[in-house]
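Please examine the sequence and the structure before reading the solutions.

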Amino acid sequence: MAAVADPDEDLVRRVGQGDPAAIQAMVSRKLPRMLALAQRMLGDPVEAEDVAQETMVRAWRQAPRWIPGKAKFDTWLHRVGLNLCYDRLRRRRDVPTATLPDRPDESASPDRGLMAVDVGLRVDAALGRLPERQREAIVLCHYQELTNIEAAALMAVSVDALESLLARGRRALRQALADLAPEGARDRAEGGRG
């Protein structure tokens, strides 16, 4: 088996040796991506912050024992972050609630300046309604910008299976957000003219 080239190898080695500059560099380089991953998977900024911080603590603890060449450190870090997200999602399902959770208001925002925020919230809500594996595939490929090969390895599926998850997820998102498509907006505008 060929060794995997890892752009983070030197950084992880220095973190493992306790180099404060390396630790700061790792946090500034990796924390925003872990925070984005957790936010997209959990949809809760407080929980996402907790997951991102715990991921970084685990990276710091693992650094002295890291063996280069088996996998990319970034891939391992994403796996840790995803596992922490899934732990929290499982706990959510296991806790019975007496009341139904509030549903986000899906009506259009009356203020045009808030339209981009509204669209972003709708996309996040639609993403949150996808099955976990489809959401994971979309988050890894589109938001975390991993290649299909990297995402498939991280998810422990074949590239074909990943592409199938991506296709189903994209189709579900297109259906959920159909009214945001330019054609839909054009049709509504033309339908309004008498």
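**Exercise 1.** Determine the handedness and the orientation of the crossing of H1 with H2.

*Solution.* In this predicted model, H1 passes H2 in a left-handed crossing. The two axes come within 8 Å and cross at roughly 130°. Next, identify the residues: Leu11, Val12, Arg14 and Val15 of H1 meet Ala21, Ala22, Ile23, Ala25, Met26 and Arg29 of H2. By class, this contact has eight nonpolar, no polar and two charged residues.

**Exercise 2.** Carry out the analysis for H6 and H7.

*Solution.* H6 and H7 pack at an angle of about 140°, and their axes are 9 Å apart. That angle makes H6 oblique to H7. The crossing of H6 past H7 is right-handed. From H6, Arg133, Glu136, Ala137, Leu140 and Cys141 meet Asn148, Ala151, Leu154 and Met155 from H7. These residues divide into six nonpolar, one polar and two charged.

**Exercise 3.** Describe the largest nonpolar core and name the residues with the most contacts inside it.

*Solution.* The largest nonpolar core has 43 residues. Those with the most contacts inside the core are Met26, Leu37, Met41, Phe73, Leu140 and Leu162. At least two core residues come from each of H1, H2, H3, H4, H5, H6, H7 and H8. H4 (73–94) supplies the largest share, eight residues. Finally, consider Leu162: leaving aside residues up to four places away in sequence, Leu162 touches Ala137, Cys141, Asn148, Ala151, Ala152, Met155 and Val157.

How values were computed: Residues numbered from 1 in each chain as written. Predicted model: local features only at pLDDT ≥ 70, side-chain atom pairs only at ≥ 80, totals over all residues. Heavy atoms only, no water. Core = buried A, V, L, I, M, F, W, Y, C linked by side-chain atoms within 4.5 Å. Buried < 20%, exposed > 50% of the residue type's maximum accessible area, 1.4 Å probe, protein only. Helix = DSSP H or I, 4+ residues; strand = E, 2+ residues; numbered from the N terminus. Contact = heavy atoms within 4.5 Å. Axes fitted to C-alpha atoms, helices over the stretch in contact; angles between N-to-C directions. Left-handed = near helix turned anticlockwise from the far one by under 90°. Nonpolar A, V, L, I, M, F, W, Y, C, P; charged D, E, K, R; others polar. Parallel < 35°, antiparallel > 145°, perpendicular 65-115°, else oblique.
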